[in-house]
Each structure stands twice: as C-alpha cells, then as structure tokens.
Amino acid sequence: MTLLTDTWFIAKRELIKFLRTKVRVVVTLVQPILWLGLMGNMMGKVFDNPYVAQAMGVSNYMAFMTPGIIIMTVLFGGVFGGISIVWDRRVGYLEKLLAAPIHRGAIPFGKTLAVMIQNGIQVLAIVGIAAAFGVHFETGFAGILGLMIVAMFFGAILSSISLSLAASIKTMETLMAIVNFLTMPLMFTSTALFPSEAMPNWLAAIARINPVTYAVGPIRELVLHGWDWSKILPGLAVIVGLAILFMLISQLIFQRATTD
Amino acid sequence: MSKTIEVENLVKVYRNGVRAVDGLSFSVDKGEIFGFLGPNGAGKSTTIKILIGLVNPTEGRLLVNGIDITKHTTEIKRATGYASQETAIDDRLTAWENITLQGHYYHLNGREIRTRSEEILRMFDLYERRNDLAETFSGGMLKRLDIAEALIHRPQILFLDEPTLGLDVQTRQVIWTYIERLREEHGMTIFVTTHYMEEADTLCDRVTIIDRGTIKAIDRPEALKAQLGGDVITVSFSANSEPTSVLERIRQIEQVLSIEKNGNGAHRIMVSEEGEKIVPQLFALCEKEGITIDAVSLKKASLDDVYLHYTGHAMRNAEESKETHFKARMMRGKARRK
Ligand SMILES: Nc1ncnc2c1ncn2[C@@H]1O[C@H](COP(=O)(O)OP(=O)(O)OP(=O)(O)O)[C@@H](O)[C@H]1O
Ligand SMILES: [Mg+2]
C-alpha cells in the first residue's frame, strides 16, 4: 500500500516540475508540429505517387508517420528518468528521500511513473496535432487510449534503462550522451519512420527484431487499420513484458547502488 | 538520565576501502544538545548517516531510543529528523511544495501536513514566502527551510549536519535560537556538527572532538577548556608594592591552578574556569592590602585551543569529500548570481 502512495508522491514532484518547465512543454508540442509539417509534407509528396504508395504499402504517409513520432518522442523522453536521479543524488535530495521511511522501491518506480505520465501527455498532444493535420484515427477514442497505453509502457522501458544506467553514470552529460547513443540507432533501424518494404533486406531484418518496431506495430495498427487483435497483441505483450523486466532490473540496480 | 543514543565500537569502512569511522563509542542523553566537531573528512557526516539508517555500519552496536537501528530502520526513521550538510532543497519547487512533499514522505495525512507546514514555516519566518520557488531563496533561507522540513514529522531526535555552514552571523544566531527553542519546548535531542567553535562552546551541552574516525575528547566545553589549563589572568603590580600576601590568598581560591612570574615581571594566574569571577576578587584583595595594580588582562580559554590541541594544525584537504567540494562550488555560484 505505501509502495503505491510513495510512488505517487515521488512522481508528483517530477510532474509539478515538468509542467512548470515551460520550455519542455513547448518543445513537446513544437517537435511533432515540425516533424509532421516538414517530414510529413516532404515525404508525403513521394508517397503521393500511387506506384510508390502501393509498393510501400502506405497510402497516407502523414498517418503512417504519426505512430513513429509518438514512439520517437517517448524514446527521447525516457532519459529524464535517469537524469532526475543523477540530479537528486547531486543535490542531496536522494539522501533525503532515503532518510525518510518511504518504500525504497518507490523511488525508481515513481521516477518511471512520472516519465510514463509525461509520455501520456505528450502522446495526447501529438494525437491532437496530427488530427489538426488531417490524420484520421481509425479506432477513435478507444484506440487513442490503447495507443497511449502502449506508448507509456514503452516509455517505462526507456525510463528504467536510463535509471539503471544512472546508478553507475554520475554526470548528466554522460548519461545524455550514452542514452542518445543507444536511442538513435534504435530509432532508425525500426519501422518507426519508414516501412520495412522501403528498407534494404539487412535493415528490414534488424527492424524485425528491434523492440521499437514492436511498440510502433500496435500503435500503427490502431491508427491506420482497426482492432485486429492478432496484430496488436504480440507487440503489446512484448512491450509490457519488457517494461516489467526492465522495471525490475532498474529496481535491483537502484537497491544495490544505494546501500553503502 | 535516559540515553537516547548509544553507540559502541562503531566502525564504517566504505566500499572503496576508506575507514571513515574507526571505533566510536559514545552516548547522548535525552534532551541534550550534542556537538560533533572535527576536521574535514573526520567522519562526522558518516556517523550521522549511520545513526539515521542511511548508511550501514560495518561493525558496532547502535541503539537509538533503546532500539537496535540495524534491525528496525523504519522505526528509527520516524523518530529522527535529518537536515543534511548539502541542504537538499528542490529549488524548482516552492517552499510549500518542498515541505508538504516531505510530509507525504513521512506518511502524514493531508490535514496534518497543512497545519504543521504552516506552523513550522511561521516559526522559521518563511511563511510569507511559501509560494516562491526555492531558487529565489538566499543560502540562509534554504538552510532554514531544510531544517524546517526535518521537523514535519515531529522527530524526537534531530540530526543537523553543519546547519550554519556558510551563513552570516545573524542567520547563524537565528538558527541556534531555533535549535534552543526546539529543545526547550519539545525536549528534542539535538545532534549537531559544526566547524564554528564558539557556537559549539556556547550552545552545546557536551561536545565530541573526532579526527580520522576516532574520538579525541568528549565532555562539557567548560571541562575540556579546563583540562587545557583554562583561563589566564595576567596582572602587573606597581613596582613598589609587595603582593606576596595577596598572591597567597589568591592561590587558595579553588579554581586557581598555579601562579607564576613571567619575563617582564607580571604574574600569570592560571584558572581552571570562570576567570572573570576571579578578577574582582583580586581587586578586592589588593584594595584591602593597599596594593596598586598597573594592568590586568584576562584571556579566556577557547574551544579553538582545545580543538587544535586534539586535532593538530595540519589541513585536511586530501580527505575533503567530493560532495562538499561540489556543494561549495554551487554555493559560491549562487552568491555570485545574487
Ligand atoms: N559514500 C562514500 N564512499 C566512500 N567514501 C566516503 C563516502 N562518504 C564519505 N567518504 C569518506 O569518508 C571519510 C569521512 O567522510 P565524512 O563525510 O563522514 O566526513 P566529515 O567529518 O563529515 O567531513 P566534512 O567536515 O568535510 O563534512 C572521508 O575520507 C570521505 O572521503
Ligand atoms: Mg560532513
């Protein structure tokens, strides 16, 4: 019981700060506008050619790309979980948390919950902006809720990874660099931005096993096609499974790193 | 008197092999203000962190409120309050947000948190500024807020790690007034570290001097100063007077340890304590005997002397912790921005 409430108050602190940092909120909104506006328009022209569209299996590139942007935003937001721990350790706040009778596990869980809620807010913003650009969401409100859930669990994976790294990486710059170093290639070797039909064979092979592809899959299915559980469930299962796994790993690493 | 803290043969070896605490034994009474003094890296912060269950001891027996702290960490955490050397305030939150979150970390209910936060912030003169971001606070305000937060769950024992570090004289006095008030009004036991000797001297009931993880001295400040020879009264009598009988009477006063004549003909009277009370007696005696005094001076023994006696004069740069450096840098940066 206290694990849940403690987790919430750890998360609440991060959320107050997230909403207070106007820049981060603005970037959250501007980034998808840029991606959809620039990328979507540019690539949209290519995919306007009916032969290309058919060969790639993509009829509306803007709608195709929206799930990619969702996942990309989540991918880059995960690092904040780890960064907040690095910062808390630096200023002594982590010690203050550890001196309080809160459930120890609540600290990494709370950080991850905060990232997940931020992801949820960001996803909603992207969905709104995409709708304004004329993207039609096949599965409506329930589908949007569904894709939010997938995105948030995907965010939990990223947050947990950055939290785990933060146990041994003690400066924010290094952590940022390493997380970017991991997320960039993950992004471009997945089907987030381009359909696998447009990829050379070797890349398509990597994309098939890339977890990012598993996260994009169900979201894209919900945006473009509908409730085909046979296409949604496998991706969802992999993402939720990985989220639980990485959350437990981050938990173990955190416990070890904070016992002196 | 009941013991609030009992430590026996405490040893802490960090994972990197540093032996930060090396066999400490001491006890703290209920309602006592207990000072912990020592050079950088002496092991003061480490000792506190062990006593609040933040760091695991390598060896030793530790009882807080009669409870073994290694077995009942949560209970100890509820009974103790801690304001760290680093002043751990989240400066992107307001004072109110900082203190109420702290209340939630201690599992208080919403109403308790609101009434106590208001009460404590008023006591620390921060209530008017409660809705300002902590990043707009001065170093003194941050420190006050940090101590205020440590009180939200009404701890029986308060651990203050350098509560007056880097503060001006006025703020330091204000903080010490709070500390005394907490002891008076709530019978709180206060365990405090400081590098300011005169603070420890006037405010602590007992002080401990530690160095390299071991206790060098532990006693009331008065007693420690007395051991080092106490106060010195230097008196020069008029050249034509014969003070032998006066000196004989002075020698019989209980606190007077010895009298000797120094190079320029003045007499040095060593007094174990309260030299200022001996001086009037000296005057009275001389008046009765018709002896004139040319000059008199009183040098009070200071805790500085005691401290230097036990810890030596060498600086302890090498052992200064990294976090301390970082914090000092941040504080300096803050001062520059102001
Ligand atoms: N987490 C840690 N890991 C390894 N060594 C540590 C750790 N914390 C402190 N030390 C070392 O233990 C020794 C005692 O440090 P401690 O912080 O207890 O000293 P201190 O008396 O509080 O000093 P200061 O006056 O500088 O605050 C130092 O040599 C320090 O470098
Ligand atoms: Mg210290």
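**Reading a metal site, a sheet and a buried residue**

Me: Which protein donors does the magnesium ion (ligand 2) have, and how far from it do they lie?

Reply: In this predicted model, the protein donors of the magnesium ion (ligand 2) are the OG atom of B:S45 and the OE1 atom of B:Q85, which lie 1.9 to 2.1 Å from it. B:S45 belongs to helix α1 (residues 44-51) of chain B, while B:Q85 sits in the loop between β6 (80-83) and α3 (95-105) of that chain, so the pair ties together parts that are 40 residues apart in sequence.

Me: Are B:S45 and B:Q85 buried or exposed?

Reply: Both B:S45 and B:Q85 are buried.

Me: In what order do the four strands of the open sheet in chain B stand, and which are its edge strands?

Reply: Strands of a sheet pair through backbone hydrogen bonds, in either a parallel or an antiparallel manner. Here the order is β2-β1-β4-β5 in chain B, with antiparallel pairing, and the edge strands are β2 (19-29) and β5 (67-68), each of which pairs on one side only. Between strand β1 (residues 3-13) and strand β4 (residues 59-64) of chain B there are five bridges, and B:V11 has B:E59 in β4(B) as its bridge partner.

Me: Why does A:T7 count as buried, and what is it in contact with beyond its neighbours within four places in sequence?

Reply: Buried means under 20% relative accessible area, and A:T7 counts as buried because its relative accessibility is 9%. A:T7 lies in helix α1 (residues 2-20) of chain A, and, those neighbours left aside, A:T7 is in contact with A:T2, A:A106, A:F109, A:G110 and A:L113.

Notes: Residues are numbered from 1 along each chain as its sequence is written. Chains are lettered from A and ligands numbered from 1 in the order in which they are written. This is a predicted model: local features need pLDDT of at least 70, side-chain atom pairs count only at pLDDT 80 or more; totals for chains, interfaces and linings use all residues. Side-chain values use heavy atoms; hydrogens and water are left out. Helices (H or I, at least four residues) and strands (E, at least two) are DSSP runs, numbered from the N terminus. Buried means under 20% relative accessible area, exposed over 50%, partly exposed in between (1.4 Å probe, protein chains only). Contact means heavy atoms within 4.5 Å. Donors are N, O and S atoms within 2.8 Å of the metal (3.2 Å for Na, K and Ca); water is not among the atoms, so sites may look incomplete. Two strands pair if DSSP finds at least two bridges between them.
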